Amino acid sequence: MPSSLPSSRNRRLLATLAATALTAPLLAVTLAASPASASTVNGPISANEILSRAQSWVDEAVPYNQGASHTDANGTYREDCSGFVSMAWHLDQSLIVTTGGPYFTTADGKGNPAYDTPVGPVGDLTGLQPGDAVAYPGEHIFLFAGWTNKAAGDFTYYAETNTSIPSHGPTAGNIHNATIEGLPTSGYVGLRSKNITSAIPAGFNVAIDADGAAASGKTVSGTVNLTGLASASGYINTGRYVITGPGNYNSGQLTPSAGGASNYPYAWNTAGLAGGTYQISFVASEIDGQDHTYGPVSVTVPAMPRSSSSNLAGTPDGGYATDWRGGDGRLWVGTGSGTTMAQPAEPWLLGVAEGTKPSIATLADGSWVTAWVGGDGKLWVGTGNGTTMAQPAEPWLLGVAPGTSPSIVALANGGWEVAWKGGDGKLWLGTGNGTTMAQPAEPWLLGVADTTSPSLAALPNGGYEVAWKGGDGKLWLGTGNGTTMAQPAEPWLLGVDTAGSSSSPSLATLPNGGYEVAWKGGDGRLWLGTGNGTTMAQPAEPWLLGVA
């Protein structure tokens, strides 16, 4: 600009710039060490080149001197704020921000159609893109470098400020501050060079991968590792995923776990989702100040495997008690003997989560206790007799992983033990009486494979034995009492079905205090094992029987 800044403004800027120049975030665009020469005077120029030219004056520490010009590979330009922006824009002369000569903008912020156009009205800087100028008519002008957090108004800029400060940048600023460069923010106007080309190169793209391969058309299950792969680095400030699917499913804004120069990972858990086609989009907030959407790509989540239609337990009188998720999605209970059944009922009209089944156990007095995943995704417990049930409860409001089911057994003391995969993916245990439960626990923080459920059985000594498919895909065994567990083990390192399957082991205890366990092996066949505690004799697959 053609006149020095007011002295009061100088004092404010010296303190501000000293604090911000060293701490400003790095630009999203990687700048060249020396000015690019792709453009010609008054010719098309990219934002990247504009910022590279600005950086060159910072590197040379060009001083502020309205009465002098600086000559280098960029050309010859006046050493003040408007000369600095003229140089960065590669104009044919050094413009001014006051009247009396070739100007950047009029006093009312209308710009100069020979060189630029306004970016929004005076005081509105939200539409700025890298390479734009920001002018206070009649006073000052600086160069906008890019957003560091657009939602918060944070940005960086380059400027020639006053005689005490050489060319500086990238310097931190915020459009919501009362002042920028010592002048009221409300008086600034954004200006865009008429010669600037798109800040984002032609052909720039973000591909979406799932588990290391192109996501489009894939069938996915369990936890899916999404990655947004940018075709070039330096153009994305932030990114997020948006996923939509059946039943009005909408993930909302999913923030990647990390943001690199060109890849943006996110672990998407599909457990419990309805089967069908899902649309995945990646929304990138880019250096041009705009949001750009890539995709959507379509992936298929297979229909959730149906759990057994019912769970059955014998009663002391030789009959049975059974419960199941009915076709209406509610908990049904029935009792009978042989192949006969009394009129079944759905006490309390209780919802059961899709893809799950209830677990029932009979108590010594002939009553029963049942556990299930409610429609709210929490663990529910109920007790009753015949087809009647006392008021059920969801003690501790305990979450259950989607698509998995609890396992409950009766104990000799009249109480019960329950095991389930928690919402955190770990094995949880609880014990109680009626619909009350002591403080539950997750001993050893043991992982349980996606969409699989533990199997629990009571031991004659009042303890329990539990089997499950671990997060490593192997068969695990544990034994304990209440919510405590001895050191668990995975004897023989036995695989359970394939990765991502919902196949779960089934366990029963024996009168001698041992156990028998059955499961679908990694080879797709029926395996059997027997043992005591966490030890197991050599397992076998008798008759090489296939399991669906």
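The buried residues of α2 are Ala 47, Glu 49, Ile 50, Leu 51, Ser 52, Arg 53, Ala 54, Gln 55, Ser 56, Trp 57 and Val 58, where buried means under 20% relative accessible area, exposed over 50% and partly exposed in between, with a 1.4 Å probe and protein chains only. The model is predicted, so that local features need pLDDT of at least 70 and side-chain atom pairs count only at pLDDT 80 or more, while totals for chains, interfaces and linings use all residues. Residues are numbered from 1 along each chain as its sequence is written, and side-chain values use heavy atoms, with hydrogens and water left out.

Helix α2 covers residues 47-60 and is mostly covered, 11 of its 14 residues being buried. From its first C-alpha to its last it reaches 20 Å, close to the 20 Å expected at 1.5 Å a residue, the expected span being 1.5 Å times one less than the number of residues. Helices (H or I, at least four residues) and strands (E, at least two) are DSSP runs, numbered from the N terminus.

The aromatic side chains give 21 pairs, counted when rings of Phe, Tyr and Trp (its six-membered ring) have centres within 6.5 Å, with planes under 30 degrees apart taken as stacked, over 60 as edge-to-face and the rest as tilted. The pair of Trp 372 and Trp 380 is stacked because the ring centres are 6.1 Å apart and the planes lie at 20°, and both residues are buried. Trp 519 and Trp 527 are likewise stacked, since their ring centres are 6.2 Å apart and their planes stand at 20°; Trp 519 is buried at a relative accessible area of 2%, and Trp 527 is buried at 18%. Elsewhere, Tyr 136, Phe 142, Phe 144, Trp 147, Phe 155, Tyr 157 and Tyr 188 form one aromatic cluster.

Side chains of opposite charge can pair when their charged atoms come close. The model has 7 salt bridges, each a side-chain nitrogen of Lys or Arg within 4 Å of a carboxyl oxygen of Asp or Glu; the table includes three of them.

| Salt bridge | Closest N and O atoms |
|---|---|
| Arg 192 with Asp 132 | 2.8 Å |
| Arg 240 with Asp 291 | 2.9 Å |
| Arg 525 with Asp 523 | 4.0 Å |

The pair of Arg 192, in strand β10 (residues 189-193), and Asp 132, in the loop between β3 (116-119) and β4 (133-136), links distant parts of the chain, 60 residues apart. Asp 132 counts as buried, at 0% relative accessibility. Arg 240 in strand β14 (residues 236-245) and Asp 291 in strand β18 (residues 291-301) also link distant parts of the chain, 51 residues apart, and Asp 291 is partly exposed at 46% relative accessible area. Arg 525 is partly exposed at 31%, as is Asp 523 at 39%.

The largest pocket holds about 820 Å³ of space. A pocket is here an open set of points on a 1 Å grid over the protein atoms alone, where a 1.4 Å probe fits, with protein on both sides within 12 Å along at least five of seven lines, and lining residues have an atom within 4 Å of a point. Of the 41 lining residues, Lys 357, Pro 454, Ser 455, Pro 505 and Ser 506 are the closest to the centre of the largest pocket.

Definitions and conventions:
Grid points are joined across faces, edges and corners, and a volume is the space filled by probe spheres set on the points.
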